[in-house]
Amino acid sequence: MTGSDRDASLARAVRLRQDGLREEARERLVELSDRFPDDAEIAYQTAWVHDALGLEADAVPYYVRALAGSGLGADDRRGALLGLGSTYRTLGRYPEAVATLSGGVTQFPEDHALQTFLAMALYNMGRAHDGMRLLLTVLAATSGDPDLITYRPAIEHYAKDLDATDLDATDLDTTGIDAVE
């Protein structure tokens, strides 16, 4: 199979997945993955279709292969890290989920989806405080809700120290948080 044949076959398989023909896409992607075992992009797409079918355990080795290889663009790498971390969490493999998602957040510090899934994995590890802190930080950074924007300074403050009860005016801009006191 030539490079252009590979590209066309991969594009058809991805289109099948996008069109909801996931089982047919899986069959084609597994065949492609067998033909191109070192191809990170094919491995990623094969992992993705397994996840879409609820075959999380089968997705793991493809995600691992995709992340170990080269050739993934930044968006696909981010997607593979999120997919693998989320899959580990779904499978109850919480330490691996935290490690994978933490690595993803390190590589993509502005990715709020990675941070959110990391927060869930932290919760699963019994680290609810860390997970809540991360979720509050994401919420404060991303919410456009006018009610939350009003309380953004307080949310950001408490995200740093959830156990704080005494607001120190030198550390907190209290504009818009009169109701908190």
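Okay, so let's begin with the aromatic rings: the count here comes to 1 aromatic pair. That pair is Y44 and W48, and it's a tilted one, with 5.6 Å from centre to centre and 40 degrees between the planes. Keep in mind, by the way, that this is a predicted model.

Where do these two residues sit? Both belong to helix α3, which covers residues 40-52, and they're 4 residues apart, about one turn of the helix.

Now, buried or exposed? Let's take Y44 and then W48. Y44 has a relative accessible area of 6%, and the cut-off for buried is under 20%, so Y44 counts as buried. W48 comes out at 34% relative accessibility, so we call W48 partly exposed.

Let's go back to Y44, which leads us to the core. The largest nonpolar core has 27 residues, and Y44 is among those that touch the most other members, along with Y63, L72, A80, L84, L114 and L118. Five helices, α3, α4 (56-68), α5 (74-90), α6 (94-107) and α7 (112-124), each put in at least two residues. The largest share, 6 residues, is from α4.

Skipping its neighbours within four places in sequence, L118 is in contact with V98, L101, S102, V105 and L134.

And there's a second, separate core, this one of 9 residues, including V14, L29, I42 and V49. As background, nonpolar side chains tend to be buried together in soluble globular proteins.

How values were computed
Residues are numbered from 1 along each chain as its sequence is written. This is a predicted model: local features need pLDDT of at least 70, side-chain atom pairs count only at pLDDT 80 or more; totals for chains, interfaces and linings use all residues. Side-chain values use heavy atoms; hydrogens and water are left out. Rings of Phe, Tyr and Trp (its six-membered ring) pair if their centres lie within 6.5 Å; planes under 30 degrees apart count as stacked, over 60 as edge-to-face and the rest as tilted. Buried means under 20% relative accessible area, exposed over 50%, partly exposed in between (1.4 Å probe, protein chains only). A nonpolar core is a set of buried Ala, Val, Leu, Ile, Met, Phe, Trp, Tyr and Cys residues joined through side-chain atoms within 4.5 Å. Contact means heavy atoms within 4.5 Å.
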